[in-house]
Amino acid sequence: MNTLTVLAADTKLPDPVGSGWHLVVAALAGIAVIVALITWAKVHPFLALIAGAATVGIVAGESVPKVIDSFTSGFGSTAAGVGILIVLGAMFAKLLADSGGADEIVDTIVGHAGPRMLPWAMALVGAVIGLPMFFEIGLVLLMPVIYLVARRSGLGLIPIGIPALAGLSAMHGFVPPHPGPLVAIDALHADLGLTLALGVAVAIPTIIVAGPLFGTLAGRLVVIDAPRTFDADPGTVGAHPEGSPAEAESDSTATPSVRSSKGPGFGVTLATVLLPVVLMLGKAIAEIIVDDDGQWLRKILDVLGTPLVALLIAVVVAMFTLGRRSGMTRDTLSSCVGSSLPPIAGILLIVSAGGGFKQVLVDTGIGTLLADWASAANISVILLGWVLAALIRVATGSATVATITASSLMLGLVDGLSSGQVSLVVLAIGAGSVFLSHVNDAGFWLVKEYFGMSVGQTFKTWSAMETILSVTGLIVVSVLGLVI
């Protein structure tokens, strides 16, 4: 097993504040409160996480002022670290969507694929669009394209849609700067650039299995024609008026462009999307291959590859390559960037509250207890991280809550592991966080309504795809764990 960088044990976990069984009961009680409030009482996850943190601290025997201090400390540090990255990611995604750059990526990739390669092309589209965008935004953006491609290819909605959903979901679960991976990276002090590289490596085979391969099978089990409900209005991006040449080709196996308005070119758009990825990967690669003689180069790449700097550079560059290039004025650019913030307010609160919950768990010493227990039981930290995330995901329906809670419980288990191994634990948690989406997950109902499926059909397609994605991700991560 190759060791890249051994984590320094400079942050000793607090000693347990109570006996083993006492802390286990406290942790289980806190998780139970979160699950009950979210699933039964329909309380917002932000409030549920606060209640869960209070439950853990009080049941563990901590004083109320100590619990409040722990929660606010964790809340603030998470908002300062992860929160800024989520904001910058949202700004970048909004520029990509409003400039027409996202449509350019979709058109170019899909337009060069033959009928038999369309499911693979849609998986690639989902992955590229999902790299900078949140799942829900990417889904809304891609649905008109999925409908149009499904109609023109004659393949049906499921073989075209499932690969795109697999690409979106894999990016959401495995690759920063999405909230889930960022939370786990921050909590476990993983290297972001290395985790990003390994996340892409895990996502590729996972998308193939859960996307085009499973999509073909699912398309035989559930046959649905693409509706016209969400067709774009005439005159808007992607719209074709009735009777136009594009509509007349609807029975053709060709897949012409679905955009009609001018925007940034494909090359410029793709380069802008990949810019923050390249900067962060450059930092990770430099740490491995640059020797002492190239310290000046490493210092430059360290700064440029810092997540905050990389995303900030990407947003600034996108204002010119995407915004100004598509004809946006300064006022339009300001409005576009500003409008990206309100939709993510809830995500920021949930993620920050999760940081507070994590800190309460840390300060009670439950992490130390679990680390000692797992060490004695010789349980794989990769498998344990996946199981914890999967159980919480099934119980709460929230991938973010699952990631927050599982990574909090794994804190004491990654001490002494190499950077690569810690990154694999992060990815295992990410894989578990997308396991078995069902009726308590908002994404389940979003997919059901957009695809016009029954609950049973949604289980056979979307839920099965998420489960396959999760299990395949665990397998790939475990295989990588044998050599890293």
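Close-up 1. Buried means under 20% relative accessible area, exposed over 50%, and partly exposed in between (1.4 Å probe, protein chains only). Leu297 is partly exposed, because its relative accessibility is 33%. The structure is a predicted model: local features need pLDDT of at least 70, side-chain atom pairs count only at pLDDT 80 or more, and totals for chains, interfaces and linings use all residues. Residues are numbered from 1 along each chain as its sequence is written, and side-chain values use heavy atoms, with hydrogens and water left out. Leu297 belongs to helix α12, residues 295–305 (helices are DSSP runs of H or I, at least four residues, and strands runs of E, at least two, numbered from the N terminus). Ala286 is 11 residues from Leu297 along the chain, and their C-alpha atoms are separated by 8.2 Å.

**Close-up 2. The largest pocket.** The volume of the largest pocket is about 740 Å³. Its lining has 30 residues, and the closest to the pocket centre are Glu136, Gly397, Ser398, Asp441 and Ala442. Several helices give two or more residues to this lining: α1 (20–39), α6 (135–153), α7 (157–174), α15 (345–364), α17 (381–396), α18 (399–409), α20 (442–451) and α21 (455–481). Helix α15 gives the most, with 3 residues. By class, the lining holds 14 nonpolar, 11 polar and 5 charged residues. Nonpolar covers Ala, Val, Leu, Ile, Met, Phe, Trp, Tyr, Cys and Pro; charged covers Asp, Glu, Lys and Arg; the others, Gly among them, are polar. A pocket is an open set of points on a 1 Å grid over the protein atoms alone, where a 1.4 Å probe fits, with protein on both sides within 12 Å along at least five of seven lines; lining residues have an atom within 4 Å of a point. Volume is the space filled by probe spheres set on the points, which are joined across faces, edges and corners.

Close-up 3. Which residue pairs with Arg393 in a salt bridge? The partner is Glu466, with the closest N and O atoms 3.3 Å apart. Arg393 sits in helix α17 and Glu466 in helix α21, so this pair ties together parts that are 73 residues apart in sequence. Both Arg393 and Glu466 are buried. A salt bridge is a side-chain nitrogen of Lys or Arg within 4 Å of a carboxyl oxygen of Asp or Glu. The whole structure has 2 salt bridges.

Close-up 4. Asp98 is partly exposed, at 40% relative accessibility. Lys94 is partly exposed as well, with a relative accessible area of 27%.

**Close-up 5. A nonpolar surface patch.** Met117, Trp120, Ile204, Ile208, Val209 and Leu213 make a nonpolar surface patch of about 520 Å². Helix α9 (residues 192–221) supplies the largest share, 4 residues. Ile208 is in helix α9 and is partly exposed, at 33% relative accessibility. Patch residues have over 30% relative accessible area and no salt bridge; nonpolar side chains (Val, Leu, Ile, Met, Phe, Trp, Tyr) are joined within 5 Å, like charges within 9 Å. Areas come from the Shrake-Rupley method with a 1.4 Å probe, and for residues only the protein chains shown count as cover.

Close-up 6. Leu196 and Val175 lie 21 residues apart in sequence, with 5.5 Å between their C-alpha atoms. Ala127, in helix α5 (residues 118–130), is buried too, with a relative accessible area of 15%. Ala127 and Ala170 are 43 residues apart in sequence, and the C-alpha to C-alpha distance is 7.4 Å.

**Close-up 7. Two loop residues with positive phi.** His189 is in the loop between α8 (179–188) and α9. Its phi is near 55°, a positive value in a residue other than glycine. His189 counts as exposed, because its relative accessibility is 56%. Leu436 occupies the loop between α19 (419–432) and α20. The phi of Leu436 is near 50°, again positive in a residue other than glycine. Leu436 is partly exposed, at 29% relative accessibility.
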